[in-house]
Amino acid sequence: MNEKSIKILSVVATITAVCMYVAYIPQIQANLAGAKGSPWQPLAAAVNCTLWVAYGLFLKPRNWPIIVANFPGVVLGIVAFFTSL
């Protein structure tokens, strides 16, 4: 795979990962409205994303697509977890 194809793949993968975690917003809204969902899947996603963000930060040079793609999963996973309690 050439460098241009890898760059396109990283952008597409980053966008789809962010969309996946933005999908927690309806669950968070439902949780806040009283229709509580399961807390375990968002917690698992938050832990997984935290590990990926750490991995991206520790690489030299830093891997910003990994960091950017997973950071919303950390934040929204934690919010979904706590609102479902």
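Serine 84 touches Asn31, Lys36, Gly37, Ser38 and Pro39, not counting residues up to four places away in sequence; contact here means heavy atoms within 4.5 Å. The model is predicted, so that local features need pLDDT of at least 70 and side-chain atom pairs count only at pLDDT 80 or more, while totals for chains, interfaces and linings use all residues. Residues are numbered from 1 along each chain as its sequence is written, and side-chain values use heavy atoms, with hydrogens and water left out.

Serine 84 lies in the segment after H4; helices (H or I, at least four residues) are DSSP runs numbered from the N terminus. With a relative accessible area of 7%, serine 84 is buried, where buried means under 20%, exposed over 50% and partly exposed in between (1.4 Å probe, protein chains only). A polar atom of the serine 84 side chain is 2.7 Å from the backbone oxygen of phenylalanine 81.

The 20 residues of H4 should span 28 Å at 1.5 Å a residue, and the end C-alpha atoms are 29 Å apart, which agrees; the expected span is 1.5 Å times one less than the number of residues. A kink of about 25° is found at asparagine 70, shortly before proline 72. The bend is the angle between axes fitted to the seven residues ending at a residue and the seven starting there.

The buried residues of H4 pack against H1, H2 and H3. The largest nonpolar core has twelve residues, including Tyr21, Ile28, Val53 and Ile67; such a core is a set of buried Ala, Val, Leu, Ile, Met, Phe, Trp, Tyr and Cys residues joined through side-chain atoms within 4.5 Å. Helices H1, H2, H3 and H4 each give two or more residues to this core, and the largest share, five residues, comes from H4.

Three aromatic pairs were found in the whole structure. Rings of Phe, Tyr and Trp (its six-membered ring) pair if their centres lie within 6.5 Å, and planes under 30 degrees apart count as stacked, over 60 as edge-to-face and the rest as tilted. The rings of tryptophan 52 and tyrosine 55 have centres 5.5 Å apart and planes at 85°, so this pair is edge-to-face. Tryptophan 52 is partly exposed, at 39% relative accessible area, as is tyrosine 55, at 42%. Phenylalanine 81 and phenylalanine 82 also form an edge-to-face pair, 5.0 Å centre to centre with 75° between the planes.

Notes. A polar contact is a pair of N or O atoms within 3.5 Å; within protein, one must be able to donate a hydrogen and the other to accept it, and residues adjacent in sequence count only if both atoms are side-chain atoms.
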